Amino acid sequence: MTSIERTAYPRFKRLITAHELHLFFAPTRDEVEWASGATIGIERRPAPPDRTKALAENQIAALWRLDVALREKMLYESAARADEVLCLNVEDLYPQDKHGRITAKGGATEWIHWQSGTAQLLPRLIARRTRVPLFLIDRKAPAGTPTLDVCPETSRARLSYRRAEEIFEENTRLLANLASPDDIEELNGWTLHRLRHSALTHDAEDGTSTPMLLAHSRHPSVRSLERYARPGVDAVARHVAERDPAARRRT
């Protein structure tokens, strides 16, 4: 049997960061276009439907009453993907302008924007740091962690997607299920993706234009926005109430 050293798998002289993997190994737009042209005529399997449900606005309000972290507010306000936000470095932020620079799919540089809720919490998180990871774990970095993923001032490592998801899921179990604390171990909380999905769905419910939804979501096509065209129960109730003839006469 061929040894692993003699296979075609890439070998790295040092550990590389998730940001570097995303930047150098994600396909470029030219590569995506070439692959699309090379597969013309090949039948495409239908994509499984996205069954993610948006959180209701009262659920979002209840979430903010918890001791949630800045990253959850930033995810909702910016409607950014969780992996993009977790890869942010302090030097990527422009707090006074309420926006930050991210590396998107394919290595493209794009921008996310946030609101006052995030802006008020950022200074406390950044403190005196001027570079390296924005979101950190609560302990020292394990041995072998890439230098770019370690804060030199605190020796703490970048927070991973898996750990951020675990924290959010655990903290939202009671909200997601309206259960007693005694049953919390058997419940499932919300996922980080639901924050992005909820933000864009709420934008659509409020009448945000298609071009603005495309810009905010940074999706490549209008078809991708179909998943957000599902108003929630509260939005439907508000729509029906606003068109109630009796209510119109009273006003």
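Predicted model: local features only at pLDDT ≥ 70, side-chain atom pairs only at ≥ 80, totals over all residues.
View 1. Cysteine 87 has 23% relative accessibility and counts as partly exposed, because the buried class ends under 20%. Cysteine 151, at a relative accessible area of 1%, is buried.

**View 2. A three-stranded open sheet.** Follow the strands in the order β1-β2-β3 and you will find antiparallel pairing in this open sheet.

**View 3. Where β2 meets β3.** Zooming in on this pair, β2 covers residues 99-103 and runs antiparallel to β3, with five bridges between them. Look for glycine 100, which sits opposite isoleucine 112 of β3.

**View 4. The turn of the hairpin.** Five residues lie between β2 and β3 in their hairpin. Glycine 106 is the one to pick out here, with a positive phi near 85°.

View 5. Which residues of β3 lie on its covered face, and which on the uncovered one? Glu110 and Ile112 belong to the covered face, while Thr109, Trp111 and His113 make up the uncovered face. As a handy reminder, side chains in a regular strand alternate between the two faces of the sheet. Ile112, on the covered face, is also the residue that stands opposite glycine 100.

Technical notes:
Residues numbered from 1 in each chain as written. Heavy atoms only, no water. Buried < 20%, exposed > 50% of the residue type's maximum accessible area, 1.4 Å probe, protein only. Pairing = 2+ DSSP bridges. Helix = DSSP H or I, 4+ residues; strand = E, 2+ residues; numbered from the N terminus.
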